[in-house]
Amino acid sequence: MQVCKALSGAFALMLLPHFAAPALAQAWLQETGSYYFKVSASYLSADEEFNFEGDRKPVLNEDGSKMDTSFRDISLTAYLEYGWRDYLTLVASVPYKIVTTMETRASGFRIEPTNGGLGDFLIALRAPLLRKPFVLSVQGGLKLPLGYEQDPDNDGAPLGTGEVDAEFQLLYGQSLWPIPAYISAGFGYRIRGGSGTRDLATVGAIGGLNDEIFYNVEAGYTLGRVFVKLRFDALQSTEDPPDLSGGGSRLEVVAGDQDVYKLTPELDYNFNENFAISTELFHIFAGANTVAGTAVSVGVVFKR
């Protein structure tokens with residue numbers, strides 16, 4: 001029973017998509033005293049996932065023992081960039097999440113465990129390496145869990161891994177002026193807490209965690225008060241994501257590992273230089289051990 005509960009909790013964690021984390025980081029720095037502050041609400045409802053082999057399957061139903069399975073994630077995220085110095089920008093974000101896994105067991109019993117609370121707090125610093133003819137900067141930070149249950153009593157999805165992670169990024173930005181457009185890219189590495197593997201017989205809701213690499217490409221264009229952007233993000237585990245259903249020949253399970261590939265179109269309307277409304281779609285189109293779906297996000301932006 002302990003192993004089944006552990007696998008269920010670990011598998012539910014895989015569904016937590018990485019689009020909850022901010023995809024805003026660019027190479028440019030804020031001037032001293034300037035800031036970019038965004039509060040956004042996102043909604044995802046999905047009934048399909050990409051399993052450990054990248055195949056599209058009904059969500060939470062790898063072993064075929066459940067029916068009418070689905071996953072819902074409602075998040076409210078605050079994101080801040082603040083110019084602490086001209087050569088140092090503070091970056092921070094924190095989400096409040098409500099996650100629900102829904103399934104009908106083989107016995108016909110319907111369960112919908114829901115967990116809510118603060119997720120992982122990200123704190124980072126960005127510094128310039130080069131400002132001309134293009135921008136090149138580095139960013140390093142920590143992801144800190146904020147006291148949520150790592151193994152919820154209701155057997156639902158936890159709000160994160162419960163581990164402290166460190167991450168580092170190299171960021172590139174290029175203005176295309178006099179065309180009111182830009183391109184940017186980034187490459188990063190995440191060192192995850194709780195690394196390694198654990199035996200299947202003793203694994204908790206969260207097993208070993210392997211490091212991750214992530215990268216992105218982005219292009220944006222401004223037309224009057226309207227700003228449009230398209231961003232591609234990829235996240236890859238340094239080890240193959242595991243079969244969390246327990247199938248195959250694996251004797252160990254590595255929980256928390258996934259691959260995620262997503263496209264994010266964005267449309268903003270700037271009322272003035274200090275206030276904007278933002279709308280985004282986060283579409284996961286491929287991956288492993290992650291949901292297959294699209295989140296809708298609406299946010300307000302304050303700038304100075």
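What share of the contacts in the protein with a separation of 6 or more comes from residues 24 or more positions apart? The share is 65%, where contact means heavy atoms within 4.5 Å. This is a predicted model, in which local features need pLDDT of at least 70, side-chain atom pairs count only at pLDDT 80 or more, and totals for chains, interfaces and linings use all residues. Residues are numbered from 1 along each chain as its sequence is written, and side-chain values use heavy atoms, with hydrogens and water left out.

**View 1. The whole protein has 1 helix and 19 strands.** Helices (H or I, at least four residues) and strands (E, at least two) are DSSP runs, numbered from the N terminus. Of the 304 residues, 49% are buried. Buried means under 20% relative accessible area, exposed means over 50%, and partly exposed lies in between (1.4 Å probe, protein chains only).

**View 2. Tyr87 sits in the loop between β4 (67-85) and β5 (88-104).** With a relative accessible area of 51%, Tyr87 is exposed. Leaving aside residues up to four places away in sequence, Tyr87 touches Leu29, Arg126, Ala127, Pro128 and Arg131. From Tyr87 to Pro128 the C-alpha to C-alpha distance is 6.2 Å, although 41 residues separate them in sequence.

**View 3. The largest pocket holds about 1100 Å³ of space.** A pocket is found on a 1 Å grid over the protein atoms alone, as an open set of points where a 1.4 Å probe fits, with protein on both sides within 12 Å along at least five of seven lines; lining residues have an atom within 4 Å of a point. Grid points are joined across faces, edges and corners, and the volume is the space filled by probe spheres set on the points. The lining has 36 residues, and Gln26, Trp28, Gln30, Tyr36 and Tyr182 lie nearest the centre of the pocket. Elements that give two or more residues to this lining include β1 (35-46), β8 (120-130) and β11 (181-191).

**View 4. The largest nonpolar core has 18 residues.** A nonpolar core is a set of buried Ala, Val, Leu, Ile, Met, Phe, Trp, Tyr and Cys residues joined through side-chain atoms within 4.5 Å. Leu44, Phe71, Val99, Ile284 and Val291 have the most contacts inside this core. The elements that give two or more residues to the core are β1 and β17 (275-288). Another core, of 6 residues, lies apart from it and has Tyr36, Tyr79, Ala124 and Ala276 among its members.

**View 5. Phe37, Tyr269, Phe271, Phe275 and Phe302 are linked into a cluster by ring pairs.** Rings of Phe, Tyr and Trp (its six-membered ring) pair if their centres lie within 6.5 Å; planes under 30 degrees apart count as stacked, over 60 as edge-to-face and the rest as tilted. The structure holds 10 aromatic pairs. In the tilted pair of Phe271 and Phe275, the centres are 5.5 Å apart and the planes are at 35 degrees. Phe271 is partly exposed at 41% relative accessible area, and Phe275 is partly exposed at 27%.

**View 6. Lys132 and Pro133 are joined by a cis peptide bond.** Pro178 is in the loop between β10 (165-175) and β11.
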